[in-house]
Amino acid sequence: MHSIEWDSIRIFLAVVEEGSMSAAAQVLGMSQPTVSRQIVALEEKMGFNLFDRSSNGLSLTTAGEGLLESARAAELGVKGFLRQVNTCIDNHQGPVRLAAGEVAGFYFLPKALEAFGREYPGIEVEILVENRGVNLNKREADIWIAREKPSQPDMVVSLLRQAPIGFYAHRDYLRQHGVPDSLQDMHTGHYRLIGYDRLEVYSQAAARVGGTVNKSHFSYRTDSYKMQLELARAKAGITVMFASVAARYPELVPVLPGAPIPDAQWWLVCHHDVHVNPRIRCLMNFLTQWFQKAPLSLVG
């Protein structure tokens, strides 16, 4: 059999993942006829069909299914090779892609990144604000500030920051509705609570202290932390907030300050294949030192 090039495997995987030649062509930046020709050429090289074609679309043949796992392993190998190549090319020049959720992105990172830019002007920081997390294996980011500690074995992970959180509401809201006496009172009384919609941040935090929180507890649900904050400032109800963020808004006051809410944690994460990249290590080291040495100046 003739050797099979990586591009052919890449096109095969794209067709599988996208479900059609035309959709794969859009993702790959190719024309649909080009993708179709590449698949036919690959099948001719191997001597069997990868896909069954019908009026209902494409489906993998038994042979195609048998090759899928190996093709995905080849994809990971090629991407790992390219990541390591990139670490050998550069020092402190070029881009680094940093991903973080809204809280870190809007309230804690701007001052740190401004200071980093002054010290390392040749490094361009691309900032992705994404609450749902990113896939570092697919290079959606080089560095990720994660709210939960990743468990994948191919990640380099370190604790970046631990910060207190609590319940907060507008002082006028509490004047109108009264201050709850307990968590039970807050959940079962006439208070309107603000929380996440699809994200499981609060339910996971409650589970760590033996409690239960679900979507039905919240009168307002949004996966945007900024929206939760603005709802609280608009006197809509009670929400969970970082103490250092709430301190920026004097109209927001703590509710049940003794409630057993575990501190929030942020984890600094990168793929082990890029950990030796000087730009990436430079930003990771800077952020680690910044969060350790200047905790009170991070907000604002």
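**View A. Helix H1 and the glycine after it.** Gly-19 follows H1 and has a positive phi, near 90°. This is a predicted model: local features need pLDDT of at least 70, side-chain atom pairs count only at pLDDT 80 or more, and totals for chains, interfaces and linings use all residues. Residues are numbered from 1 along each chain as its sequence is written, and side-chain values use heavy atoms, leaving out hydrogens and water. H1 covers residues 6–18, 13 residues in total. Helices (H or I, at least four residues) and strands (E, at least two) are DSSP runs, numbered from the N terminus. From first C-alpha to last, H1 reaches 18 Å, close to the 18 Å expected at 1.5 Å a residue; the expected span is 1.5 Å times one less than the number of residues. Buried in H1 are Ser-8, Ile-11, Phe-12, Leu-13, Ala-14 and Val-15. Buried means under 20% relative accessible area, exposed over 50%, partly exposed in between (1.4 Å probe, protein chains only).

**View B. Helix H2 against helix H3.** H2 (residues 21–28) packs on H3 (residues 32–46) at about 110°, their axes 8 Å apart. That makes H2 roughly perpendicular to H3. Axes are lines fitted to C-alpha atoms, for helices over the stretch in contact, and angles run from 0 to 180 degrees between N-to-C directions. Angles under 35 degrees count as roughly parallel, over 145 as roughly antiparallel, 65 to 115 as roughly perpendicular and the rest as oblique. H2 brings Met-21, Ser-22, Ala-25 and Leu-28 to the contact; H3 brings Gln-32, Val-35, Ser-36 and Ile-39. Contact means heavy atoms within 4.5 Å. Five of the contact residues are nonpolar, three polar and none charged. Ala, Val, Leu, Ile, Met, Phe, Trp, Tyr, Cys and Pro count as nonpolar, Asp, Glu, Lys and Arg as charged, and the others, Gly among them, as polar.

**View C. Helix H5 against helix H9.** H5 (residues 102–119) and H9 (residues 225–233) pack at about 70°, with axes 8 Å apart. H5 is therefore roughly perpendicular to H9. Glu-102, Val-103, Phe-106 and Tyr-107 of H5 meet Tyr-225, Lys-226 and Leu-229 of H9. The contact holds five nonpolar, no polar and two charged residues.

**View D. The five-stranded sheet.** Five strands form an open, mixed sheet in the order E9-E8-E10-E7-E11. E9 (220–221) and E11 stand at the edges, each with a single partner strand, so one side of each is left without a neighbour in the sheet. Two strands pair if DSSP finds at least two bridges between them. H9 lies across E7, E8 (193–195), E9, E10 and E11, at about 125° to E10.

**View E. Strand E7 and its partners.** All six residues of E7 (165–170) are buried. Ile-165, Phe-167 and Ala-169 point one way; Gly-166, Tyr-168 and His-170 point the other. E7 pairs antiparallel with E10 (residues 238–242) over four bridges. Here Ile-165 partners Phe-242, and Gly-166 stands opposite Met-241. E7 also pairs antiparallel with E11 (residues 252–255), over four bridges. Tyr-168 stands opposite Pro-254 there.

**View F. Two loop residues with positive phi.** Most residues other than glycine have a negative phi. Lys-235 has a positive phi of about 70°. Lys-235 sits in the loop between H9 and E10 and is partly exposed, at 42% relative accessible area. Leu-256 has a phi near 50°. Leu-256 lies in the loop between E11 and E12 (264–271) and is buried, at 17%.
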